[in-house]
Amino acid sequence: AGLAGRGGGKMASTAAGKQRIPKVAKVKNKAPAEVQITAEQLLREAKERELELLPPPPQQKITDVEELNDYKLRKRKTFEDNIRKNRTVISNWIKYAQWEESLKEIQRARSIYERALDVDYRNVTLWLKYAEMEMKNRQVNHARNIWDRAITTLPRVNQFWYKYTYMEEMLGNVAGSRQVFERWMEWQPEEQAWHSYINFELRYKEVDRAPLLVIVHPDVKNWIKYARFEEKHSYFAHARKVYERAVEFFGEEHMDEHLYVAFAKFEENQKEFERVRVIYKYALDRIPKQDAQNLFKNYTIFEKKFGDRRGIEDIIVSKRRFQYEEEVKANPHNYDAWFDYLRLVESDTDAETVREVYERAIANVPPIQEKRHWKRYIYLWINYALYEELEAKASKRTRQVYQACIELIPHKKFTFAKMWLLYAQFEIRQKNLPLARRALGTSIGKCPKNKLFKGYIELELQLREFDRCRKLYEKFLEFAPENCTSWIKFAELETILGDIDRARAIYELAIGQPRLDMPEVLWKSYIDFEIEQEEYEKTRNLYRRLLQRTQHVKVWISFAQFELSAGREESLSRCRQIYEEANKAMRNCEEKEERVMLLESWRNFEEEFGTDATKERIDKLMPEKIKKRRKLQAEDGSDAGWEEYYDYIFPEDTANQPNLKLLAMAKLWKKQQQESEAAEMDPDKDIDESQS
């Protein structure tokens with residue numbers, strides 16, 4: 001037994017040791033698997049398997065009352081447990097109540113709905129399901145009670161009111177439905193609720209009971225609907241009053257084109273075309289142009305249908321005015337747009353409107369004080385003044401316009417002589433000569449200009465105030481002594497007045513000026529003056545003095561022609577002598593074309609008045625025209641090729657230059673050599689020539 005015990009103990013310990021050290025399977029291949037499974041994949045598969053359809057529970061057939069009661073008990077316990085877990089989930093309450101309703105346990109269903117309302121009385125679905133249950137089971141009073149409680153508790157839920165009124169109407173309780181609508185309207189609901197009430201009353205022909213929606217929602221569309229409602233039921237006077245009340249209600253601050261379009265179309269349907277025209281014009285004059293596109297369109301269509309030519313022209317003018325308004329609003333300094341706009345307004349508008357547009361236009365003063373930016377702007381003032389004078393016949397306003405413009409111009413930087421002259425001419429037309437002279441005197445004092453002096457002098461000439469003209473010319477020549485035209489005009493004035501000595505003195509002062517803008521014109525005028533006075537010696541002296549300053553070919557030719565036209569016996573010899581002097585003087589002239597011009601003039605003179613000897617002599621003086629080449633250089637100094645030009649070789653110059661004579665003899669020798677070589681090359685030709 002002891003051995004057995006010892007043996008048994010050893011076996012037990014061995015078994016215990018085997019249990020403590022389990023065998024572990026050795027993995028031979030420790031490489032990762034080809035297809036890896038992540039934790040996300042495991043979770044996703046678990047979620048997908050949850051959605052797998054479970055097999056439906058087996059159908060249970062209830063055969064007696066005990067089984068039915070047992071089933072009801074189990075089902076109610078399940079619903080109660082769900083409600084107890086989360087009381088705020090209203091869907092559990094609704095399912096519970098609907099289950100009781102399916103068993104015709106209406107009292108139990110009511111109890112469940114009431115318990116649910118204690119939990120969340122703001123749930124709209126709960127009230128709707130509760131009332132629908134009562135209506136399904138024809139419990140009308142219970143349903144009314146529920147709807148009353150619902151609209152009292154949640155009066156802003158429109159669905160309760162719609163359902164309540166619909167139920168009463170379906171039951172034929174029109175008075176009750178109207179009473180509900182009136183209670184609803186006390187809460188001033190949205191527009192659709194009012195429309196429902198109106199449609200309800202119209203269904204029962206109670207037109208007078210239709211509520212005034214515009215009192216609560218005074219929108220344009222509601223006023224239009226109200227007026228159309230009256231028109232639809234042939235209450236045309238009422239419809240017109242509605243439109244008039246709407247126009248008065250919105251006033252001029254909140255005008256809407258849709259209201260006036262609807263009003264005009266209503267009057268058009270009533271054949272009141274003059275009222276339509278007045279409505280459109282009233283609206284177009286007051287509504288901003290960018291908000292009146294539809295109004296313009298409807299007005300145009302109306303005039304084309306019922307208007308005359310004048311009406312159509314008016315609407316076209318209105319459209320163009322709108323376009324110009326948009327242009328000047330986009331760019332107020334677009335003066336061309338202002339000119340077009342003013343031209344349109346002047347053609348078909350009253351004086352006050354034209355003045356208003358002019359004032360708006362001239363208010364846009366150029367931002368930069370540079371004359372080029374003011375050139376277009378200043379014509380706005382000119383047109384404004386001319387409009388006031390010629391169209392409006394308002395001389396006082398015209399004077400104010402001119403004076404305002406003159407004050408606006410920055411005369412220290414630039415001025416506009418035309419404005420001063422126009423102002424002076426206006427005052428003369430008004431027979432106000434002192435003001436005209438004062439204006440021109442102020443202009444010369446502030447900003448003297450040639451044009452101002454000329455305009456002032458011309459004015460005094462027309463008035464035959466010659467002493468004033470003399471003083472003005474003196475001031476003018478002090479201001480601009482280089483102006484040859486002024487000297488000439490001053491001298492011509494003295495000539496007209498018969499004061500020859502003063503005229504000659506003026507010319508002498510003029511040619512003595514160190515700087516002149518057109519000296520040739522001045523000298524010519526002085527010479528013509530002396531010729532007119534038949535002072536030929538003085539004329540010759542003038543030519544000589546002029547030739548001391550310039551050796552221009554035209555001066556010589558003019559001098560020669562003067563001597564020819566003097567009409568005396570020695571005129572031909574004097575003329576020929578001047579041509580001789582001119583030819584000698586111009587030998588050293590670089591401009592050979594001028595010398596050629598002189599010789600051609602001389603030749604024409606000799607052909608008309610000369611002898612054969614003089615003609616032969618002038619022919620010998622005529623130059624030879626040859627073609628030459630010269631090298632051109634670019635601006636950077638590089639070669640730019642060759643250029644051909646014509647040069648003149650004068651016989652007198654050739655005789656004085658031996659090199660040119662030697663060159664001519666060399667050319668002659670070369671020509672003879674070429675002829676002899678040609679003869680040697682063709683001996684038969686020489687034989688034929690000898691035989692012949």
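## The chain as a whole

The chain has 692 residues, and 36% of them count as buried. Buried means under 20% relative accessible area, exposed means over 50%, and partly exposed lies in between (1.4 Å probe, protein chains only). The model is predicted: local features need pLDDT of at least 70, side-chain atom pairs count only at pLDDT 80 or more, and totals for chains, interfaces and linings use all residues. Residues are numbered from 1 along each chain as its sequence is written, and side-chain values use heavy atoms, with hydrogens and water left out.

The secondary structure comes to 37 helices and two strands. These are DSSP runs, numbered from the N terminus: helices are H or I with at least four residues, strands are E with at least two. Contact means heavy atoms within 4.5 Å. Take the contacts between residues at least 6 apart in sequence: 46% join residues at least 24 apart.

## Helices H29 and H30

Helix H29 covers residues 519-532, and helix H30 covers residues 536-549. They pack at an angle of about 165°, with their axes 9 Å apart. Axes are lines fitted to C-alpha atoms, for helices over the stretch in contact, and angles run from 0 to 180 degrees between N-to-C directions. This angle makes H29 roughly antiparallel to H30. The cut-offs are under 35 degrees for roughly parallel, over 145 for roughly antiparallel, 65 to 115 for roughly perpendicular, and oblique for the rest.

On the H29 side, the contact includes Trp523, Tyr526 and Ile527. On the H30 side, Leu542, Tyr543 and Leu546 are among the residues involved. The contact residues divide into seven nonpolar, one polar and four charged. Ala, Val, Leu, Ile, Met, Phe, Trp, Tyr, Cys and Pro count as nonpolar, Asp, Glu, Lys and Arg as charged, and the others, Gly among them, as polar.

## Helices H23 and H25

Helix H23 (residues 417-429) and helix H25 (residues 450-462) cross at roughly 20°. Their axes come within 9 Å. H23 and H25 are therefore roughly parallel to each other.

H23 brings Ala417, Lys418, Trp420, Leu421 and Ile428 to the contact. H25 brings Lys451, Leu452, Gly455, Tyr456 and Leu459. By class, that gives seven nonpolar, one polar and two charged residues.

Threonine 165 sits in helix H8 (residues 158-170). Threonine 165 counts as buried because its relative accessibility is 4%. Beyond its neighbours within four places in sequence, threonine 165 is in contact with Ser177, Val180 and Phe181.

Arginine 76 belongs to helix H3 (residues 65-85). Its relative accessible area is 15%, so arginine 76 is buried. Leaving out neighbours within four places in sequence, arginine 76 is in contact with Tyr96, Trp99, Glu100, Glu105 and Arg108.
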